[in-house]
Every structure is written in C-alpha cells, then in structure tokens.
Amino acid sequence: MDYCKYVNVFQGCGEYDLPKREGIAAKWFFIKAGCGNTSPAAMVPYGAMSAAPFSGGYPTGYGNHKINTHSKPQKFDGGEKLRGFAHIQQSGTGTMGYYYNYAVVTPLYDGSETLRLPENEAAEPGYYTCVLDDIKCELTASLRTAYHRYTFGKEGGKVKVDFTNNGIIIPDYELKTVENLEIKKYDETTVLASAKIEGVDIFFAVKGDTKFTIDGGCAVFELKDKKSAELTVAISLRSLENALKFVNISKSFDEAKADAREKWNERFATIKIEADDEIKEIFYSNFYHSLVKPADWSGESFIYDSDGAFILDFSTLWDMYKTQLPLIFMTDKEMSEKIVETLLRVGEELGQIPNSLGITDKYLLHSTQARMLGVYALLTAYRYGIEIDPDRMLKVIETDVFADNKTDFTVDGKCGSNTWMLDMADCCALAAQLAKERGNDTLCDRLTPLALQWKNVYNPETGLLNEDSEYYEGTLYNYSFRQMVDMDARIALAGGKENFAKLMDKFFGYGQPDTVLPVDPLNYEPVREGMKLGRFEGFNNESDTEAPFSYVYADRHDRVCEIIRGGMKYMFTTGSGGLPGNNDSGALSSYYVFMAFGLFPVAGQDLFL
C-alpha cells in the first residue's frame, strides 16, 4: 500500500491554523510559540542527510519566521523567498543555538536575484520540488547522500555550492562563522571541503556532472551549453574519505527518489489504521514527522571511538523520551538497538547522558531543562524488550546518578528545580527495581533512599509541587500531575483519589472560564498573566502532555477520554498550520499517534495508560 499519498510533508511548517476551540479544549492556555517549526526536507526515515529549501528562516532554515518563543510567530520581509537548498536541519525545535543548514546549493544565471519566490512548490516523503524563475528544482536523499536535479529554461545556467553557511539568516541574528574552511579539487567534477563547525570537524564531498571552479568559499558548476545539472552532496563527521565514499554512489536521481518513497512506506506499514482520508492524512503526516529524528550517523562518531552505532539529534530529549522514542521502540527494532547502543556509549564516554545530543561539542548546552532523560529512554527500551545488557546499563545509570554535577540531589537532597528532583527520584526508583531483579543488592540499597526524595518537593497542604522553584516552560501546575512510580503514595499525599481528581479538574479547566490565547509575539504580558491560571498547556508544549492520563489513577477514565478527544479534534489538523506548537524532534506528532491508539506510554516502564 502507498501510505505516502496520505502524508503532507508541509504539515506544521507554518503558523498554526487550528479549528475554533470548543468544550474542554477552550479552557487550555498556550504559553509557547504557535507554530510547528517543521521542514519539508527531502530525506529518508532517520536520515543523516536531508535537503531542504532554504530561506534562512527560524529554526529549520525554511519559511519567514523570526526567532519566537510565544504567541503567533513574528515574520520577516522576504522570508517567503529562497536562497537555495541546504543540508541537515533541526525538526520542530525552538532556540537550540545551533541549526545546521550546511552547503547551500543555488541554481542561477549570471545576474539572477539572490532571493527568489518558489513557484509550484510540492513535496512528498523523500522528495521536494519547486520552480525558481524558469529553473525546475528537485531534491531527494538517501541515508547519507542528498541528490539535486535542476532543469533550466535556457542555456547559461550554473549551480553554486556555498560552504560558508552555518545556521539561519534572519534579521537580528548573527550568522555563525564556519571555521578553518578548506576547499580543494578532487577531480574535474568533484569538490571536497572541510571545516570546524560548532566544535566538530565536518567534511563535504560534492559531485556534479560538469566542471567547476572554486570562488572563495564556494564551488561553482558551469553548465555552458547544457540545460540540466545533477549534483550529489555528502557530509561526514569523520573524514573526507568517508564523504567521498558516500557521494560516489551509483543511483540515479529517479532511483534514489523511488527508494526513498519505498523506505517511507516500509516504516508507515508498521501501523495500519482504518479511517477516512482526512484522518489518514492527519495520522500519517504526524507519523511521518515522528520519524524524521533522530538521525542515523552510524560509523561517524566524534564522541567515542567506534565504527558502529551513532545516532544524533536527540535535540529535545526532554520531550522525545515521553512519546517519540517509545514509538520507535515499538515499531523499529533495528533503530532502537542503535539508539540504545549510542546512549550507552555516550554515557560511558562522558560519565552521563546529556539532555541534548547533536552535531556540536557543547554536550551540556541544554542541561537545565531536565535530568537523566537518557536513563528514562534506556529503561523504556529495556522494558519493551529491546536487546540491551541490563548490567552494563545499570553501570551507566549509577555513574550518571552519582556524577559530580548531581550532588545537589545525591548529597543535599534539594535541586535547583523541583522537576529535577522528580526526574532523578523516579529514575532511581526504576533503576533500583532493575538492580534488585539482577541481584545487585548494593546498588539497589544505594538508590532506594534517593528514590523517596520526590516527597521533598510536594506540599502536603496543597497536594501540588512547592512554589520554591523555577519550572521550565511552565508552572508548578504543569508538572504536578505527571505519573510517578509510586502513584498510590502520590495520590495519598494529595488527600486521596477524590481530591486528586478535583485538583486535576481545576488544572484542565473544568468549571473554569474559557481562555484567550496570546497572539502578539512582542508582548509577553498576556502569557505571564495566562500562566497564573495554572492551566493545561493544551498540546502547545510537552511539559504536561502526560497529565491527562493521570486521571486513570483517580478512577476518572471519562475525563481522559474527553481531554484526548478534545486534543485530537481541536489541536491537530491538516496542512502547514496543522500542529499546535513546536514539534520538538517529533515529540508532539508522536503524541498524536499515541492519542489515536488511545494509549500513553509511561516512561521507563512497560506500562501503558
């Protein structure tokens, strides 16, 4: 079956355009940006290499959005126009600090405008096309190689490859420098380049079907009497030899395009649904964006010495561990094993698993969001039956828990954020259970007291988290209703099931007035005032996406159904405005997939609600 026909690659690329909220959905409040921040990049599932239209917009390099953190996104003039086509993009993220978009390829004539409005823009999984002036532009990709095909309306065209680009190009944002750039000729039609970007050595190989010249930081392929040009582009994190190996492939453009579509259909076939075509479009578009990241860079590790598994772009692991990684663990054994091996090797090499892992040497760049999320992912994979050595995993977990930067938890019993306490306490509880199963009583005894520290951050008078903390992208309310390992004790602390349900009712807006969502990106005051309501974020952000399912523990399954159905009906739709917030590496779209199942995976366990 051709599932690709149901996928809208552009879903979530623009500002959200959702149905008018009604019922319980009208009670929720959005605190984050109202856009999906996805990209129509041509790529295969988990592709290390992607090729996408490049305008310089935030955050993927596509579109006309400036940096935005709340409300409707602010736009910049000319953002609808393209500068060319770039390689490797973030997917659905916010202000990561690094954005890729390397080796921008631009087809043009002498005297052409630098920025041109794309016409006849279209895309499908693994393929993108548009027309710039009279030049038909086509992109496709394999796991490690991007393919470009340009058909010119007249002779005299050329294709420029700019190796100096690093990131996005928007007003008020300074383009980061590509350091130590070296470009050299390999043969008449192949150019090689190397540079250090974000502290990582990057190696490029570009092979054309015509001769080229080197002009500053660019290679320019001249068509002369031809009207078409094909290029293959590869990037390695190890060597020029590897990049050259990837670029010297035998596939034609059409073969690569067909192969990409086949690979996507193989992945989509792991979940078959019965629904009308509109629901299928929403479902498979979300499933598609759930499998864009992480990226398979196996054999290319710059963190540890190995030619084996190396998976990157766990850029927003604090969101991915909840739904996106469990979805992969359920549907793709091979990729799951690679993810597990990568997280273990990183933990062994660095002494902890960072919250964000991309093509950068700044491993702790996003260490303040949460803690030990890689440990949650490992425990989830193990409980799902993914092949993993549990004793090796326990060693990595023990090293992570007792790392020097976590003595606030292990020694002082009080972290800078109450959510870190919850993260670490439950990781300790889950790891202690596994240690006991493995007969490792020493580790079990070491972790068990730490697992009880979650009680330190709850207020027994309110049944909610204490106010004495910063709460990342939310308030104490957004984090008070997560599933804990010991939910009986958690609910007892809140005064029992009935009172726990009443607290949740207020959080989700039952009996409360409707909310007005903020729209002005230059005015944060409505967001600040709205956060005082202590309301559910309504799938605009992942901070509290597990909360609806905690009603299960209060015997209010009816509430779960009403909230999830409201989310599916009012928070997700078709088209570029079809996502209610940043997709965060597939975390939001994979949540929709689980909502369609009627299930929620509890992190670190083989438990579904």
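Select α4 and α10 to start: each supplies at least two residues of the lining of the largest cavity. Helices here are DSSP runs of H or I with at least four residues, strands are runs of E with at least two, and both are numbered from the N terminus. This is a predicted model, in which local features need pLDDT of at least 70 and side-chain atom pairs count only at pLDDT 80 or more, while totals for chains, interfaces and linings use all residues. Residues are numbered from 1 along each chain as its sequence is written, and side-chain values use heavy atoms, with hydrogens and water left out.

**Cavities**

Show Trp318, Lys322, Gln369, Ala370 and Tyr479, which lie nearest the centre of the largest cavity among its 17 lining residues. A cavity is a set of points on a 1 Å grid over the protein atoms alone where a 1.4 Å probe fits but cannot get out; a pocket is an open set with protein on both sides within 12 Å along at least five of seven lines, and lining residues have an atom within 4 Å of a point. The volume of this cavity is about 180 Å³.

Next, select Tyr321, Gln483, Glu546, Val602 and Ala603, nearest the centre of the second largest cavity, which 15 residues line. Both α10 and β19 give two or more residues to this lining. The space inside is about 140 Å³.

**Asn418**

Go to Asn418 in helix α10 (residues 418-437). Asn418 is buried, at a relative accessible area of 0%; buried means under 20% (1.4 Å probe, protein chains only). Leaving aside residues up to four places away in sequence, Asn418 touches Val457, Asn466, Asp468, Ser469 and Tyr471, a contact being heavy atoms within 4.5 Å.

**Helix α17**

Select residues 587-597. Helix α17 is largely enclosed by the rest of the structure, because 9 of its 11 residues are buried. The buried residues pack against α3 (277-290), α4 (317-320), α5 (324-331), α16 (557-570), β19 (601-602) and β20 (607-608). Just after α17, Gly598 has a positive phi of about 80°.

**Strand β2**

Move to residues 84-89, strand β2, where 6 of the 6 residues are buried. Strand β1 (residues 51-54) runs antiparallel to β2, joined by 4 bridges; Ala52 has Ala86 as its bridge partner. Strand β3 (residues 100-109) also pairs with β2 in the antiparallel sense, over 3 bridges, and Phe85 is partnered by Val105. Pairing requires at least two DSSP bridges between the strands.

**Largest pocket**

Finish at Lys32, Thr69, Thr95, Tyr472 and Glu473, which lie nearest the centre of the largest pocket among 23 lining residues. The pocket holds about 350 Å³.

Notes
Grid points are joined across faces, edges and corners, and a volume is the space filled by probe spheres set on the points. Buried means under 20% relative accessible area, exposed over 50%, partly exposed in between (1.4 Å probe, protein chains only).
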